[in-house]
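Subject: Structure handover

Hello,

Please find the structure below. My notes on a helix pair and on some charged side chains follow it.

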Amino acid sequence: MVQTKSPYWQKVVDDAQKHPAVPGLEKIPFFTMAPMEAVTDSVFRRVVAKAGGPDVYFTEFTNARSITHPKAKFTVQGRLSVAESEKMPVAQLWGNRPEDFEAAGYDLKERGYEAFDLNMGCPAATVVKNGGGSDLIRHFEDAKNIIAASKAAGLTVSVKTRLGFNQIDTFDEWIPFLLKQDIPLLTVHMRTRKEMSKVPAHYEYIDRLLQLRDEIAPHTLIQINGDIKDREAGLELVRQHPGIDGIMIGRGIFENPFAFEITPREHTLDETLALLRMQLDLYDQFTSEFGPMHFQKLKRFFKIYVRHFSYASDLRVALMDTTNTTQVRELLDQFDEQWAAQKAADTIAITTK
């Protein structure tokens with residue numbers, strides 16, 4: 001079993017072994033929820049935790065410079081907010097100036113964070129234009145300086161990246177370079193920046209990544225990201241590629257809020273809609289503390305909960321026309337009444353035959 005120099009990530013590895021044994025695996029991988037812009041805030045992290053959360057959460061990514069900049073630091077409070085009931089997440093930062101990451105590290109430490117992750121894989125044009133995210137794949141020296149500066153505060157520093165910027169074979173230089181930077185965890189999204197999420201993840205390169213790790217930095221954990229829908233899919237990927245330490249799930253959570261469930265089971269509509277109601281309540285609480293949030297962003301979550309049942313499409317259409325959480329709750333109440341009446345009618349029809 002791979003051992004890491006980081007007490008933080010070693011505990012994550014050790015805790016994962018306390019989960020029920022998995023047939024065909026000697027070592028159980030840890031599971032994390034990917035950092036996603038306007039998705040993985042404190043509100044949604046708590047909803048996922050209720051559904052059966054991962055071993056580790058990541059925040060939505062935050063501009064390193066904004067954390068301590070006099071004119072911007074107050075606007076990131078919500079991004080880095082962690083509720084008392086939450087498991088402390090790993091903060092994810094982006095940018096291209098080492099001094100910003102150094103200052104941010106000390107700020108995160110004061111906030112109670114134990115670890116933060118460097119975003120070297122985001123494909124968004126705005127991020128790349130500003131020299132952050134996957135643009136760092138083209139600037140090795142900048143990446144090296146950022147990693148070094150990030151360690152100043154003494155927090156655990158990891159990196160998330162892609163196979164390359166435009167070309168896949170870039171990883172033969174880029175990944176070894178990162179492995180030589182003495183990081184405890186390297187997460188690789190198995191596509192290039194150019195590919196975005198438009199092609200299947202290149203799992204065929206996983207074994208090569210593991211080989212590079214074993215040769216260059218055996219104490220570095222390798223986590224795989226891309227096209228992994230749920231825990232079962234992640235476990236199967238590890239069976240096929242022994243040596244993977246962690247599995248990161250991103251968009252899969254939009255298909256199944258119970259994606260991290262250790263023992264998968266069928267869930268009722270009532271359970272699913274209860275999660276939506278929970279998110280509405282937490283959204284209102286969050287808004288009262290940090291100021292108005294864009295309601296339009298909340299709408300992207302409706303499809304997670306409203307699917308795979310009769311009249312789901314009708315309810316989704318109605319929900320998308322709402323403008324506030326009060327209207328959403330009213331619609332859900334109306335649906336509950338209609339759904340109960342429908343189930344009662346079906347029962348009567350069955351028993352009278």
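**Helix pair α8 and α9**

Helix α8 (residues 171-179) and helix α9 (residues 206-216) have axes that come within 10 Å and cross at roughly 40°. That makes α8 oblique to α9 (under 35 degrees counts as roughly parallel, over 145 as roughly antiparallel, 65 to 115 as roughly perpendicular, and the rest as oblique). The axes are lines fitted to C-alpha atoms, for helices over the stretch in contact, with angles running from 0 to 180 degrees between N-to-C directions. Helices (H or I, at least four residues) and strands (E, at least two) are DSSP runs, numbered from the N terminus.

On the α8 side, Phe 171, Asp 172, Ile 175, Pro 176 and Leu 179 meet Arg 208, Leu 209, Leu 212, Arg 213 and Ile 216 of α9, where contact means heavy atoms within 4.5 Å. By class, this contact of α8 with α9 has seven nonpolar, no polar and three charged residues (Ala, Val, Leu, Ile, Met, Phe, Trp, Tyr, Cys and Pro count as nonpolar, Asp, Glu, Lys and Arg as charged, and the others, Gly among them, as polar).

The model is predicted: local features need pLDDT of at least 70 and side-chain atom pairs count only at pLDDT 80 or more, while totals for chains, interfaces and linings use all residues. Residues are numbered from 1 along each chain as its sequence is written, and side-chain values use heavy atoms, with hydrogens and water left out.

**Salt bridges**

The structure holds 22 salt bridges (a side-chain nitrogen of Lys or Arg within 4 Å of a carboxyl oxygen of Asp or Glu). Arg 213 is also part of a salt-bridge network with Lys 27, Asp 214 and Asp 245.

Within helix α5 (residues 98-111), Arg 111 and Asp 107 lie four residues apart, about one turn of the helix, and their side chains form a salt bridge at 2.5 Å, N to O. Asp 107 is buried at 17% relative accessible area, and Arg 111 is partly exposed at 28% (buried is under 20%, exposed over 50%, partly exposed in between; 1.4 Å probe, protein chains only).

Asp 227 and Arg 251 form another salt bridge, at 3.4 Å, N to O. Asp 227 lies in the loop between β8 (221-225) and α10 (231-240) and Arg 251 in the loop between β9 (246-249) and α11 (269-290), so the pair ties together parts that are 24 residues apart in sequence.

Regards
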